[in-house]
Amino acid sequence: MTRELDRLAPLLDELGGRFTTAGEELALVGGPVRDAMLGRSHTDLDFTTSARPEVTERLVKGWADAVWDIGRAFGTIGCRKGPWQVEITTYRSETYDPDSRKPDVDYGDSLAGDLGRRDFTVNAMAVALPGRAVEDPYGGVVDLAHRVLRTPGSPEDSFGDDPLRMLRAARFAAQLGFGVDPGVVSAMTAMADRISIISAERVRDELVKLVCAPYPRLGLTLLVETGLAERVLPELPALALERDEHHRHKDVYEHTLTVLEQSIDLEHRLAPEGEEPRPDFVSRFAALMHDVGKPRTRRFLDDGSVTFHHHDVVGAKLTRKRMKALRFSNDETEAVCRLVELHLRFHGYGSGEWTDAAVRRYVRDAGDELERLHVLTRADCTTRNRRKAERLRRTYDDLEERIARLSEEEELASLRPELDGNQIMELLGIGPGRDVGRAYQFLLDLRMDEGVVGEQRAREALLAWWAEREG
C-alpha cells in the first residue's frame with residue numbers, strides 16, 4: 001500500500017492541504033484504498049469530505065484541469081487532474097424509502113459515520129489527508145486479509161438502506177475472488193424480494209460488471225443460491241432443472257457456467273493484434289444465455305432420450321425479452337441475440353460437407369459477430385471425451401480455414417451483389433419499392449450460391465428472373 005500511496009503522494013498532499021487550510025476534512029476512501037492494499041493501481045480516485053459541494057467546487061477550481069458538478073444532487077463534485085479522475089463527496093448517509101427506487105441523501109458530520117454507511121468493510125477504509133493515516137473502524141483490513149465480504153453493520157440494515165448492495169456483494173465476489181460472510185448470504189436470501197424496488201438500469205449495470213469480472217462463476221452462483229437470480233435473471237436458475245442431452249452427468253446450468261469460463265479463455269481471439277485481451281460483455285453474456293431456450297423446448301422420447309429442438313430460436317427470443325427488460329441498448333441486444341440464435345449452426349457442418357454457398361451464408365448471417373460466434377461455438381464444447389473434443393476442434397479449424405480462403409478469394413465479408421439498387425431500377429425500368437428489395441435479395445442469393453459471377457452474368461440472371469415473374 002505504501003508504494004501506491006507514494007505514487008499518489010503529490011496529488012494527495014496538494015488536495016489534502018487545500019481542504020485543511022480551508023478548515024475542512026478530506027480522505028481517500030473506498031475502492032482506491034482497498035485496491036492500494038491489494039497492490040493495484042488506480043486512476044479513478046474517490047474522496048470524502050466534511051465540505052459541502054459548493055465549498056468543494058471552490059477549492060478544486062484553479063487546481064484541477066477540469067471540474068464538473070453532474071453529481072451535485074448527491075453531494076459529489078468531479079474533476080480531472082493530470083491522469084487522475086477525482087470524485088469528492090460530502091460525508092453523507094443514504095437511505096431508501098421502502099417503496100422508492102431513489103435514495104434520499106442526507107449529509108453526515110464525521111468520517112466514521114460516512115464509512116459506516118458503506119456497503120462492505122473492505123470498502124469502508126479511508127486514508128485521512130494530508131497526514132495519510134489509515135482509518136479502519138470496521139475491520140476492513142482483517143476482512144481483506146481473510147478475503148471475505150462483510151457489512152460494517154448488520155447486513156439487514158445495510159440491504160434495507162440500499163437493496164442494490166445485495167447485487168454488489170455478488171459483483172465484488174466475482175471481481176475480487178472473495179467469499180461472502182454467512183450472515184450476509186442469509187440476509188441476501190431473506191431479503192431478495194427487496195431488489196424489486198431497484199431500477200432496471202442499476203440492476204443491469206451491476207450484472208454487466210459481474211459478468212465482466214475475473215471470476216463471474218462466483219457471483220452468478222451466489223445470485224442463484226440466494227434467490228436473487230430469480231428476480232433479476234430468472235433464465236439462469238431455470239437451467240438447473242434441465243439435463244443436457246449430451247452431458248447427462250451435469251445439468252445445463254453447470255454446462256452454461258463452463259461455457260462462460262471457456263469463452264473467457266478465448267477472448268484473446270477478439271483483441272486487436274498486439275493488444276491485451278479485455279472482458280467482452282457481448283461474448284460473455286451470449287455464453288451465459290445460449291441455452292436458455294432448453295427448458296421451454298425439452299421433450300422426452302420413448303427411448304428415454306431428451307431433445308431440445310429449436311432451443312436456439314426460442315433462446316434468442318427469451319434473451320431479447322430479458323435484455324429489453326434490463327434496458328440494454330439495441331446494439332448489444334441484437335448482438336447477443338444473434339449469437340444465441342446461431343450457436344448451433346456449426347453442428348450442421350458435419351465433417352465439412354457444407355458447400356461454399358453454405359459457408360457464405362454462415363458468414364453473412366453472423367455479420368459483425370463472426371469472431372464472437374467462433375468463440376461461442378468453440379466454448380460450447382464441454383465434452384470430457386478428448387477424442388470427440390479434438391475432432392470438433394479440428395472440424396471448426398477447417399471451417400475457419402475455408403472462411404479465410406473464401407474471404408481472400410472473393411471479399412466474403414462484404415457479401416454484396418454485383419448490382420446496387422440504382423442499377424437494378426435502371427435495368428428493370430422500375431422505381432423505388434418492394435420489387436427493388438426482392439430483386440436485390442435474388443442477386444444476393446445468387447452471390448451466396450455461385451460466388452462472384454461478374455456484372456454481366458448478374459444482369460442476365462436478373463433479367464431472366466424478372467421475365468419469369470412478369471410472365
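Arg269 is partly exposed, with a relative accessible area of 26% (partly exposed lies between buried, under 20%, and exposed, over 50%, with a 1.4 Å probe and protein chains only). The model is predicted: local features need pLDDT of at least 70 and side-chain atom pairs count only at pLDDT 80 or more, while totals for chains, interfaces and linings use all residues. Residues are numbered from 1 along each chain as its sequence is written, and side-chain values use heavy atoms, with hydrogens and water left out.

The side chain of Arg269 meets that of Glu400 in a salt bridge, 2.8 Å from N to O (a side-chain nitrogen of Lys or Arg within 4 Å of a carboxyl oxygen of Asp or Glu). Arg269 lies in the loop between H13 and helix H14 (281-289), and Glu400 in helix H20 (residues 386-410), 131 residues apart (helices are DSSP runs of H or I with at least four residues, numbered from the N terminus). Glu400 counts as buried, at 18% relative accessibility. Both residues belong to a network of salt bridges that also links Arg378, Glu390, Arg393, Arg394 and Asp397.

## Packing of H10 against H13

Helix H10 (residues 216-226) and helix H13 (residues 252-265) have axes that come within 10 Å and cross at roughly 155 degrees (axes are lines fitted to C-alpha atoms over the stretch in contact, and angles run from 0 to 180 degrees between N-to-C directions). H10 and H13 are therefore roughly antiparallel to each other, a term for angles over 145 degrees.

H10 contributes Pro216, Arg217, Leu220, Thr221 and Val224 to the contact, and H13 contributes Tyr253, Glu254, Leu257, Thr258, Leu260, Glu261 and Ile264 (contact means heavy atoms within 4.5 Å).

Arg217 in helix H10 and Glu261 in helix H13 are 44 residues apart. Arg217 is partly exposed, with a relative accessible area of 24%, and Glu261 is partly exposed at 32%.

## A further salt bridge

A search of the whole structure finds 39 salt bridges. One of them joins Arg202 to Asp162, with the closest N and O atoms 3.6 Å apart. Arg202 lies in helix H9 (residues 200-211) and Asp162 in the loop between helix H6 (155-161) and helix H7 (164-176), so the pair ties together parts that are 40 residues apart in sequence. Arg202 is partly exposed, at a relative accessible area of 26%, whereas Asp162 counts as buried at 6%.

Key:
Helix = DSSP H or I, 4+ residues; strand = E, 2+ residues; numbered from the N terminus. Parallel < 35°, antiparallel > 145°, perpendicular 65-115°, else oblique.
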